[in-house]
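Please keep the sequence and the model in view while reading.

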Amino acid sequence: MREKKWFPILYMFIVTAFFSSIVIGVSQFTKQRVVANQKRSFEQAVLAVLPGAYDVNAGNLELHRRFQEQIDKPDEFSAGAYTIKKDGRLAAYALPIQGQGFWAPIKAVIGVAADKKTITGVTFYEQKETPGLGAQITTIKFRSQFQGKIVSTGPKPLSFKRPGDVLGKSDVHAVTGATQTSARLEKIINEGLKNWQQKMAEGAN
Amino acid sequence: MAVAGEKSEINKIISDGIWQSNPIFKQVLGICSTLAVTNLVLNTMVMCIALAFTLSLSAATVSAMRRSTPRNVRMMVETLIIAFYVIIVDVLLKAYWPQMSNSLGPYVGLIITNCIVMGRCEAYANSQPIGRAFLDGLFNALGYSFVLLIIAVFRELFGMGTLLGYQMPYFSGPHWGKWIIMVMPPGAFFMLAIVTWILRSIQMTREDKQK
């Protein structure tokens with residue numbers, strides 16, 4: 001049989017079927033975990049950008065409980081943003097945004113205070129930027145810059161400036177050595193914020 | 001006699017993989033991943049472990065199937081086996097170590113195209129018994145790992161002033177102007193060239209002495 005012309009084709013077919021079925025089996029087996037991991041990182045990202053919701057020392061279960069109890073799902077008044085209340089009044093919005101990064105989509109949550117102008121934080125829960133370069137957007141050093149910035153009414157709600165430049169109240173420093181990631185991220189954040197502000201304004205009328 | 005022969009063969013596999021024909025500085029294979037992941041020591045370590053897993057098991061599997069695989073489709077079969085192990089690593093990282101999966105980004109998938117894996121399967125595994133093929137894969141991966149770790153330690157230390165993410169004395173201080181270029185792709189070329197140069201020089205001096 002081995003000398004037959006069709007043998008290599010049959011062999012390839014069997015080998016492929018065998019290895020593929022193992023891969024399918026393993027990914028089915030781990031699917032729930034993968035989905036749970038994604039959901040968990042999203043929940044934690046939402047908590048992290050809202051003032052007073054996140055605790056570095058809290059375990060995964062505790063954070064999940066907080067998300068369930070304290071965070072309100074998006075409704076028609078928040079234009080797609082998750083919200084948190086304090087003393088019965090709306091305290092801040094957590095707006096999920098996403099767009100194309102350098103390699104793959106960047107997914108983030110941006111926190112905005114009840115005044116709809118002050119940024120309370122940014123967290124990235126899914127990104128595949130270059131490790132060590134673009135991926136520095138996930139560091140606390142980069143993310144903490146956003147805290148307290150005021151969304152500008154100009155063409156760009158937030159502006160990325162060259163590292164070392166003097167910053168205004170709506171400016172943050174870009175990542176050194178990651179021009180592409182910085183430019184794309186600036187666009188993602190600004191488009192996200194603009195769309196949201198527009199929707200909020202429409203909702204208010 | 002047979003036992004002694006087996007032992008010397010294993011010694012040869014070890015010394016070839018790690019030193020004599022080291023995949024990075026002697027065979028100059030797998031350079032793409034060397035350049036890509038070595039700006040952080042932690043990423044490098046995980047990459048090395050993933051490669052060791054893929055390389056040793058692919059070699060063993062290729063070796064196990066060597067008698068039944070028709071010669072004209074052997075490279076397709078090898079690629080398939082390599083891709084199989086890489087996907088398994090990727091899926092397991094996603095499920096059990098999502099942070100690392102995030103920070104390695106697209107590089108895990110790129111192990112499939114790492115020339116070392118294909119190179120060892122073609123050059124060794126498809127004509128040798130399973131045990132030897134496994135060891136050959138493992139020691140080649142270790143040879144790859146130690147060179148990568150040397151590069152990564154210097155790149156992270158000089159470029160960011162940290163090691164494994166921890167601030168290092170002096171290098172993270174104000175007296176050390178961080179060499180940003182070390183964490184950027186060009187820094188990898190410089191470091192790789194320097195490390196290759198040094199290790200090759202040591203190797204050559206030793207060979208001269210033996211003559």
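This is a predicted model: local features need pLDDT of at least 70, side-chain atom pairs count only at pLDDT 80 or more; totals for chains, interfaces and linings use all residues.

Which residues in H3(B) meet which residues in H4(B)? From H3(B) come B:Ala50, B:Phe53, B:Thr54, B:Leu57, B:Ser58, B:Thr61 and B:Val62. Facing them in H4(B) are B:Glu78, B:Ile81, B:Ile82, B:Tyr85, B:Val86 and B:Val89. Sorted by class, this contact comprises nine nonpolar, three polar and one charged residues. The axes of H3(B) and H4(B) lie 9 Å apart, and the two helices pack at an angle of about 145 degrees. The crossing of H3(B) with H4(B) is right-handed.

The next topic is the interior. In soluble globular proteins, nonpolar side chains tend to be buried together. The largest nonpolar core of this model has 52 residues, and those that touch the most other members are B:Met47, B:Leu51, B:Ala59 and B:Tyr144. At least two residues of this core are supplied by each of these helices of chain B: H2 (31–37), H3 (41–64), H4 (74–96), H6 (115–123), H7 (130–160) and H9 (185–210). The largest share, twelve residues, is that of H7(B).

Neighbours within four places in sequence aside, B:Tyr144 is in contact with B:Pro23, B:Ile24, B:Gly30, B:Cys48, B:Leu51 and B:Ile116.

B:Ile116 leads on to helix H6(B). The buried residues of this helix are B:Ile116, B:Val117, B:Arg120 and B:Cys121. Why do they count as being on the same side of H6(B)? They do so because the arc that they cover around the axis is only 130 degrees. An α-helix has 3.6 residues a turn, so residues three or four places apart point the same way. The buried residues of H6(B) pack against H3, H4 and H7 of chain B.

The two chains also touch each other. In this contact, 24 residues of chain A meet 25 residues of chain B. On the side of chain A that touches chain B, 13 residues are nonpolar, eight are polar and three are charged.

The loops deserve attention as well. Most residues other than glycine have a negative phi, and most peptide bonds are trans. A:Ala79, which is not a glycine, has a positive phi, near 50 degrees. A:Ala79 is found in chain A, in the loop between strand E1 (71–72) and strand E2 (82–86). A:Ala79 counts as partly exposed because 19 C-beta neighbours lie inside 10 Å, whereas a buried residue needs 20 or more.

In chain B, B:Tyr170 likewise is not a glycine and has a positive phi, of about 70 degrees. B:Tyr170 is placed in the loop between strand E2 (166–167) and helix H8 (180–183) of chain B. Is B:Tyr170 buried or exposed? It counts as exposed, because there are 10 C-beta neighbours inside 10 Å.

B:Phe171 also lies in the loop between E2 and H8 of chain B. With 18 C-beta neighbours inside 10 Å, B:Phe171 counts as partly exposed. Residues up to four places away in sequence not counted, B:Phe171 touches B:Leu157, B:Gly161 and B:Trp176. B:Phe171 and B:Leu157 are 14 residues apart along the chain, and a distance of 6.8 Å separates their C-alpha atoms.

Conventions. Residues are numbered from 1 along each chain as its sequence is written. Chains are lettered from A and ligands numbered from 1 in the order in which they are written. A nonpolar core is a set of buried Ala, Val, Leu, Ile, Met, Phe, Trp, Tyr and Cys residues joined through C-beta atoms within 7 Å. A residue is buried if 20 or more other C-beta atoms lie within 10 Å of its own, exposed if 12 or fewer, and partly exposed in between; C-beta atoms are placed from the backbone. Helices (H or I, at least four residues) and strands (E, at least two) are DSSP runs, numbered from the N terminus. Two residues are in contact if their C-beta atoms, placed from the backbone, lie within 7 Å. Axes are lines fitted to C-alpha atoms, for helices over the stretch in contact, and angles run from 0 to 180 degrees between N-to-C directions. A crossing is left-handed if the near helix is turned anticlockwise from the far one by less than a right angle, and right-handed if clockwise. Ala, Val, Leu, Ile, Met, Phe, Trp, Tyr, Cys and Pro count as nonpolar, Asp, Glu, Lys and Arg as charged, and the others, Gly among them, as polar. The arc is that of the directions from the helix axis to the C-beta atoms.
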